[in-house]
Amino acid sequence: ALAVALELYGPEGGALVAVAMAALIPLVNVANVTLMAMLLSSEGPDAKKILWQIAKNPLIQGCAIGLAINLLGVELWHPLHTLLDILGRGALGAGLLAVGAGLRVRYALKPSREIWLSVALKLALTPLVAAMAALAFGLSGEAFEIAMICAAVPTAMNGFILARQMGGDAELYAGAVTVQTAIAALSMPVIISLARALGG
């Protein structure tokens with residue numbers, strides 16, 4: 001989403017995606033970790049274990065640190081700010097490489113019913129629900145288009161690591177990401193065009 005927004009809308013589009021990421025990443029990761037901890041535990045739900053799994057999630061940690069720095073108005077030391085900026089620029093490319101390396105091409109040749117279900121939920125239902133919510137809240141123009149880009153992307157590759165760490169079906173997840181990524185290359189331009197028409 002960040003790569004597409006930067007390409008189509010420049011730094012302003014990237015900033016809007018960053019706002020969406022700041023809202024979505026903690027919420028989605030807390031929900032995912034909680035659900036997986038509850039469903040995959042042989043001993044049943046354990047609040048302490050769930051909280052520990054949430055606390056040690058690096059995406060949640062990163063969002064919490066960034067939010068704290070922002071809310072406290074902490075002025076970062078200029079060399080540190082420069083270093084983090086360089087790392088952040090490199091992270092986008094590294095993230096795209098990681099997604100490519102994690103794809104499982106063999107799953108795209110004969111997707112299972114579970115994979116097709118993930119495609120329908122993520123690439124069709126999610127953008128539809130996001131569009132309805134965005135229009136209900138009065139989003140329009142570039143903000144609406146960015147919201148639709150964020151909703152239309154395939155699921156995140158980092159979930160593969162989470163599934164493997166917590167005992168989920170990591171191979172199924174990798175297959176779902178692979179098929180979603182292939183289809184999203186075709187569906188995203190359509191959704192962006194529709195968003196431009198709807199968002200006015």
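In this predicted model, the side chain of threonine 178 reaches the backbone oxygen of alanine 174, the separation being 2.8 Å. Threonine 178 belongs to helix α9, which comprises residues 170–199. With a relative accessibility of 7%, threonine 178 counts as buried, because the limit for that class is set at under 20%.

The second largest pocket holds about 280 Å³ of space, and its lining is made up of Asn29, Val33, Gln53, Lys56, Asn57, Pro58, Leu59, Asn158, Ile161, Leu162, Gln165 and Met166. Three helices, α1 (2–40), α3 (58–72) and α8 (158–166), each supply at least two residues of this lining, and α8 gives the most, with five residues. When the lining residues of the second largest pocket are sorted by class, six are nonpolar, five are polar and one is charged.

Helix α3, one of the contributors to the lining of the second largest pocket, was also examined for its length and its ends. The end C-alpha atoms of α3 are 21 Å apart, which agrees with the span of 21 Å that its 15 residues should cover at 1.5 Å a residue, since the expected value is 1.5 Å times one less than the number of residues. At the N-terminal end, α3 is capped by asparagine 57, of which a side-chain oxygen lies 3.2 Å from the backbone nitrogen of isoleucine 60; asparagine 57 is also among the residues that line the second largest pocket. Just after α3, glycine 73 adopts a positive phi of about 65 degrees.

How values were computed:
Residues are numbered from 1 along each chain as its sequence is written. This is a predicted model: local features need pLDDT of at least 70, side-chain atom pairs count only at pLDDT 80 or more; totals for chains, interfaces and linings use all residues. Side-chain values use heavy atoms; hydrogens and water are left out. Helices (H or I, at least four residues) and strands (E, at least two) are DSSP runs, numbered from the N terminus. Buried means under 20% relative accessible area, exposed over 50%, partly exposed in between (1.4 Å probe, protein chains only). A polar contact is a pair of N or O atoms within 3.5 Å; within protein, one must be able to donate a hydrogen and the other to accept it, and residues adjacent in sequence count only if both atoms are side-chain atoms. On a 1 Å grid over the protein atoms alone, a cavity is a set of points where a 1.4 Å probe fits but cannot get out, and a pocket is an open set with protein on both sides within 12 Å along at least five of seven lines; lining residues have an atom within 4 Å of a point. Grid points are joined across faces, edges and corners, and a volume is the space filled by probe spheres set on the points. Ala, Val, Leu, Ile, Met, Phe, Trp, Tyr, Cys and Pro count as nonpolar, Asp, Glu, Lys and Arg as charged, and the others, Gly among them, as polar.
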